[in-house]
Structures are given as structure tokens and as C-alpha cells.
Amino acid sequence: MTDECVTRNYGVGILSSNGAANRGSIIMADNTDAKGCTPEAVVVGGATAASSASPLPANKFVARMPVDRYASEYNMNHKHRGLALIFNHEYFDIPSLKSRTGTNVDSQELKKAFENLGFAVTVHKDCKLRDILKHVEKAAEQDHTDNDCLAVAILSHGEHGYLYAKDTQYKLDNIWHYFTATFCPSLAGKPKLFFIQACQGDRLDGGITLEKGVTETDGESSTSYKIPIHADFLFSYSTIPGYFSWRNINNGSWYMQSLIRELNANGKKYDMLTLLTFVNQRVALDFESNVPATPMMDRQKQIPCLTSMLTRILRFSEKPNGNKAG
């Protein structure tokens with residue numbers, strides 16, 4: 001099965017200055033973000049990826065209540081929006097993994113979109129797993145008291161349950177457990193957003209043609225309360241478990257193109273779950289593979305999915321003057 005594919009891109013063109021898409025049809029070459037090798041674990045330098053998250057030392061910062069207990073929306077009026085980490089993988093030490101042409105477009109445009117929302121963005125390119133963990137641990141050790149939230153994006157190859165660093169595979173929980181309330185108390189009660197561009201398997205979605213047919217609660221706001229350590233996370237995946245994720249070698253991946261357009265056009269208008277619903281819509285309706293020479297890869301579709309442990313509405317509203325910390 002080839003990784004080299006061509007797509008039909010319905011109604012998605014180059015963005016104009018006001019964020020609107022050119023509605024002309026575009027033909028372009030795409031790759032999938034599958035690992036491109038057999039299901040066995042990849043061994044590099046005699047080691048495989050860790051199967052479970054390693055223990056972490058407790059963080060020195062004390063958790064504070066960032067918003068009233070039953071507030072309907074997250075407090076997005078801290079002094080800073082927060083950190084955004086982008087792990088961009090183009091080349092791999094694993095011989096079976098092809099280079100991810102087009103990923104730099106995703107990385108560059110996502111960085112701009114995050115910056116437009118007020119994030120302090122750092123991009124890490126082609127990191128080995130040990131370096132990814134160092135960057136993540138360093139971010140988790142910081143004091144996020146004056147930050148609204150955290151965002152992490154991973155652009156790489158993947159398979160069901162695993163992502164790929166430059167040198168080996170790993171599970172996503174090796175990354176996000178650093179930011180649980182136990183180890184990063186200054187992010188407790190604040191949104192922690194993960195955006196994953198990677199395959200989750202090798203299955204294809206042929207799609208189906210549709211024919212036209214006929215209060216917010218207040219109370220106990222000043223009383224301390226306990227929350228689960230895994231609360232307030234959101235994971236947005238480019239595709240559903242078991243399926244391919246498609247990437248354009250010129251314009252970037254279907255999912256990242258759609259996410260970036262929504263963040264730029266509506267990032268300060270819609271709440272996050274609404275925004276990601278429209279990301280799903282863009283990917284589902286505007287993209288289709290076009291590989292007539294390889295029938296099984298031709299006219300394929302894709303749908304992103306998300307897992308949300310958010311406990312409030314998340315909206316990147318404009319920050320008012322006189323921001324307060326805490």
C-alpha cells in the first residue's frame with residue numbers, strides 16, 4: 001500500500017486576508033500519517049518506548065482555585081494566555097517511517113494561530129523521546145499561576161495507541177500525565193489542550209453519499225473543594241481510532257488545515273467544543289482522496305474525534321484591560 005496519495009479538496013482554497021477560503025476545487029498530493037510498517041513494536045538502539053508513564057516528583061506549587069466552584073466558564077482573564085508546545089516530526093531514525101512532507105506548513109501556521117490567541121509558543125523539531133520528555137517536564141515544572149491554560153500539539157506518525165518520536169514509539173499518557181493536578185498544581189482547574197495529528201491505525205473510511213431528503217449555578221464559591229487529577233483535559237485527534245490520517249505534501253494535513261482555519265476565523269468567537277465540531281465538519285465535507293490508480297485508497301474520507309474531560313465552557317475571549325492573576 002502506498003503512502004503517496006492525491007486528494008480532492010472540495011471548496012477549500014487559499015485563505016484570503018479576512019480568513020475566507022477560495023471556494024475553487026484543488027487537486028493536490030497527500031500522504032497518510034500511518035507508521036508504514038508491521039504492527040510489531042519498533043526497536044531502536046535496543047530499546048522500545050515505555051509502556052506506561054514513569055513516576056514524577058511532586059511539584060512544589062500549591063493548587064489554587066482559578067474560578068468559582070460552579071462557574072460555567074473557565075477563567076480566561078489571567079495575565080497570560082499560557083504556553084503552547086508544538087512537537088513537529090518530519091524525519092525519523094526508524095527506517096520504516098517515511099518523512100512527513102508538508103508537516104512544516106502545519107507547524108508554521110499553527111504557531112501563528114496560537115500566537116494570535118495570545119499563547120507563548122515554542123516549536124520543537126524532530127525530537128527523540130528523551131528530548132520530548134525533557135521539554136514537557138520543564139514546562140510542567142513552571143509556575144502557571146498567571147496563565148489561563150496550556151496547549152500541546154503533536155504532529156507525527158502514529159498507530160492505534162501510539163505516537164512516534166524521532167527514535168521510538170510512545171503512548172500519549174507519557175506526555176500528558178506531567179500536567180495532571182498532582183504534578184502540576186498551578187494548572188489544576190485550568191484547561192489543558194492536546195491536538196494530535198497522526199494516524200491511529202491503517203483502516204480507511206470510504207464514506208457514504210447523502211441524498212437530499214424530506215443556567216449557571218452559584219454556591220459554595222468561597223469553599224475549597226476537590227477535583228479529579230485528570231479533570232480539565234481535552235484531546236483532539238485528527239482521526240478516529242484504527243483509521244488513517246491524511247496529509248497534503250504542499251498544504252499540510254487535512255485536520256491541521258481545518259483546525260488552523262477555525263482558530264483563525266472563530267477562535268475568539270466560539271467555545272472550544274463548538275469550534276472543534278466545525279473542524280470536524282471541514283475535514284468531513286471538504287476533503288476526499290483521489291487515487292484512481294489505487295482503488296482501495298481512492299475517494300477516502302476522514303473524521304477527527306475528541307475526548308473531553310473539560311468541566312466548563314472554554315472560550316478564548318479577548319483579554320480586558322487590567323487583567324488579574326490567579
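Colleague: Threonine 145, buried or exposed?
Modeller: Buried, because its relative accessibility is 18%. The word buried means under 20% relative accessible area, exposed means over 50%, and partly exposed is in between, with a 1.4 Å probe and protein chains only. This is a predicted model, in which local features need pLDDT of at least 70 and side-chain atom pairs count only at pLDDT 80 or more, while totals for chains, interfaces and linings use all residues. Residues are numbered from 1 along each chain as its sequence is written, and side-chain values use heavy atoms, with hydrogens and water left out.

Colleague: Where does threonine 145 lie?
Modeller: In the loop between helix H2 (129-141) and strand S5 (147-155). Helices (H or I, at least four residues) and strands (E, at least two) are DSSP runs, numbered from the N terminus.

Colleague: Which side chain does threonine 145 join in a polar contact?
Modeller: That of aspartate 143, at 2.4 Å. A polar contact is a pair of N or O atoms within 3.5 Å; within protein, one must be able to donate a hydrogen and the other to accept it, and residues adjacent in sequence count only if both atoms are side-chain atoms.

Colleague: Switching to helices. At what angle do H4 and H5 pack?
Modeller: About 135°, with the axes of H4 (residues 254-266) and H5 (residues 272-286) 9 Å apart. Axes are lines fitted to C-alpha atoms, for helices over the stretch in contact, and angles run from 0 to 180 degrees between N-to-C directions.

Colleague: What does that make H4 and H5 to each other?
Modeller: Oblique. Angles under 35 degrees count as roughly parallel, over 145 as roughly antiparallel, 65 to 115 as roughly perpendicular, and the rest as oblique.

Colleague: Which residues make the contact?
Modeller: Among them are Trp254, Tyr255 and Leu259 of H4, and Leu275, Phe278 and Val279 of H5. Contact means heavy atoms within 4.5 Å.

Colleague: And histidine 160, what is it in contact with?
Modeller: Leaving aside neighbours within four places in sequence, histidine 160 touches Gln200, Gly201, Pro241 and Gly242. The C-alpha atoms of histidine 160 and glycine 201 are 4.9 Å from each other, though 41 residues apart along the chain. Histidine 160 is exposed, at a relative accessible area of 51%.

Colleague: What is phi of aspartate 232?
Modeller: Near 75°, which is positive in a residue other than glycine. Aspartate 232 is buried, with 2% relative accessibility.

Colleague: And phi of arginine 299?
Modeller: Near 55°, also a positive value in a residue other than glycine. Arginine 299 counts as partly exposed because its relative accessibility is 43%.
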